[in-house]
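Biologist: Please put the model on the screen, and we can go through its sites by question and answer.

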Amino acid sequence: VVENWVWAASLRLEVDGSRVESELKELRRFSDTAAPDVTRILYTQSDLDARDYLRRLFKEEGLVIREDAIGNIFARWPGKSADSPAIGTGSHCDAIPFSGMYDGTVGVVGALEAIRALKRSGFRPVRSIEILVFTSEEPTRFGIGCLGSRALTGVLKPLDLMKLLDVNNTSFDQARFAAGYTDKLENIELSESYYDGFIELHIEQGPELEKGGIDVGVVTAIAAPAQLEVTFKGDGGHAGALLMHLRNDALLAGAELAIETEKAALAKGTRDTVVTTGSFDIAPNTVNSVPRHAKLGIDVRDIDEQRRDSVLEIIISRAAEIATARRVEHSVRVLNKDSPADSAVELVRALEDSADQLNFSHQRMVSRAYHDSLFIAAKFPTAMLFIPCRDGISHRPDEYASEEAISKGVLALAHTLAKLSSA
Ligand code: HGY
Ligand code: MN
Ligand code: MN
Ligand code: MN
């Protein structure tokens with residue numbers, strides 16, 4: 001590894017930050033909500049337009065493109081030994097409703113600029129370098145995040161994918177066929193030797209790097225996400241005529257549970273346990289009708305899997321107690337309960353070496369957001385590279401990463417890709 005280090009130090013890479021910024025701005029145009037809010041949901045026209053745009057950029061760079069049965073996009077820069085396991089990099093380009101323009105996209109356009117910078121320097125990889133645009137990192141349409149990477153690593157099998165339905169009862173197969181993805185689901189899973197290593201560049205989505213004035217973060221572990229859905233059903237009735245003691249109000253059961261989820265997180269006494277009741281649907285949702293249906297979407301995370309699971313158990317038992325006390329029916333569905341992932345030590349070191357070579361300050365950190373790297377890490381050596389974002393804001397339209405921060409992330413990524421693809 002030392003000779004790579006010495007050799008890579010001779011790289012003189014130029015990153016065109018303003019080109020990256022303009023390409024991110026162009027990507028933002030593909031949205032179902034007006035700027036600055038970005039909404040880009042799996043297989044919608046905005047998503048398909050964004051994919052077309054990215055494929056155009058990849059083609060301009062002469063990359064070899066393929067797409068799999070669910071729309072994971074692979075854009076490969078063939079190396080001298082094209083058959084060796086490749087070095088992967090990339091992220092996602094879908095966006096939750098009313099969010100920002102940097103989450104995911106920095107890791108896609110940044111990976112392309114890293115390849116362009118390496119090409120401009122005359123560098124030629126031994127191992128191919130491949131950009132992977134994961135098809136649906138956000139849980140918005142089918143309720144579960146990281147669909148692309150779960151399928152690529154076999155966490156979700158074809159049968160699991162076929163069971164997925166969106167809120168309009170459109171099946172995953174119907175949705176992907178309509179988007180033009182008709183290959184067999186069985187062809188998605190990657191072989192063990194597909195990648196030799198994978199690096200994902202992403203905004204931190206937290207305040208630590210900016211607060212510390214640190215150029216880049218090297219992610220050592222990715223927190224363990226879990227999502228559950230709790231539904232309460234009551235009899236409902238007339239808001240005026242139904243007396244209070246005769247009610248079994250589904251909304252109030254849900255409201256009580258939402259407060260209990262916050263209590264369960266705080267009771268753990270650590271900042272690493274976070275719980276969010278992110279969605280709360282009620283029906284019939286009319287002011288003069290006692291709610292008879294409430295559905296809560298609850299997101300539970302921690303870097304400690306046992307602690308996360310104990311919070312899940314508390315929430316599930318409180319839901320049952322509340323249902324009994326309020327004489328409502330209830331059901332609980334755990335959509336996913338994933339394990340945390342550790343980065344590969346050799347990739348953490350490679351990223352730190354690159355930062356040192358570039359005189360960038362860096363720090364090791366945990367990712368509190370989940371990413372496709374969470375699943376890729378179970379099959380291939382993986383690490384993530386974070387750049388600061390303003391006030392740590394994300395999943396909001398005022399999410400922002402400066403051109404300088406992005407350029408530093410791209411330079412550190414390019415240096416690391418050069419090293420990893422040279423042996
Ligand atoms: O929710 C997350 O952590 C990711 O941004 N989807
Ligand atoms: Mn996100
Ligand atoms: Mn993301
Ligand atoms: Mn150092």
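This is a predicted model: local features need pLDDT of at least 70, side-chain atom pairs count only at pLDDT 80 or more; totals for chains, interfaces and linings use all residues.

Modeller: Residues are numbered from 1 along each chain as its sequence is written, chains are lettered from A and ligands numbered from 1 in the order in which they are written, and side-chain values use heavy atoms, with hydrogens and water left out.

Biologist: Which residues are the protein donors of the manganese ion (ligand 3)?

Modeller: Donors are N, O and S atoms within 2.8 Å of the metal (3.2 Å for Na, K and Ca), and sites may look incomplete because water is not among the atoms. The donor atoms here lie 2.1 to 2.3 Å from the ion, and the donor residues have the spacing H-x10-D-x98-H in sequence. They are His92 (NE2), Asp103 (OD) and His202 (NE2).

Biologist: How many residues apart are His92 and His202, and are they buried or exposed?

Modeller: Helices (H or I, at least four residues) and strands (E, at least two) are DSSP runs, numbered from the N terminus. His92 belongs to strand S4 (residues 86-92) and His202 to strand S7 (residues 195-203), so the pair links distant parts of the chain, 110 residues apart. Buried means under 20% relative accessible area, exposed over 50%, and partly exposed in between (1.4 Å probe, protein chains only). With relative accessibility of 0% for His92 and 1% for His202, both residues count as buried.

Biologist: Where do Asp103 and Glu138 lie, and how many residues apart are they in sequence?

Modeller: Both residues are buried. Asp103 is in the loop between strand S5 (95-99) and helix H4 (105-120), and Glu138 is in the loop between strand S6 (129-134) and helix H5 (147-152). The pair therefore ties together parts whose separation in sequence is 35 residues.

Biologist: Which residues coordinate the manganese ion (ligand 4)?

Modeller: The contacts to this ion run from 2.3 to 2.8 Å. Asp356 is partly exposed at 43% relative accessible area, and His362 is partly exposed at 24%. The donor list is Asp356 (OD), Asp356 (OD) and His362 (NE2).

Biologist: How many disulfides does a search of the whole structure find?

Modeller: A disulfide is a pair of cysteine sulfur atoms within 2.5 Å. For Cys93, the nearest cysteine sulfur is that of Cys146, 14 Å away. Cys93 is buried at 3% relative accessible area, and Cys146 is buried at 0%. The number of disulfides found is 0.

Biologist: Which side chain does the side chain of Asp299 join in a polar contact?

Modeller: Asp299 lies in strand S13 (residues 293-302) and counts as buried at 16% relative accessibility. A polar contact is a pair of N or O atoms within 3.5 Å; within protein, one must be able to donate a hydrogen and the other to accept it, and residues adjacent in sequence count only if both atoms are side-chain atoms. At 2.7 Å, the partner side chain is that of Arg301.

Biologist: What separates the C-alpha atoms of Asp49 and Phe30?

Modeller: Asp49 is placed in helix H3 (residues 45-60) and counts as partly exposed at 27% relative accessibility. Asp49 and Phe30 are 19 residues apart along the chain, and their C-alpha separation is 6.3 Å.
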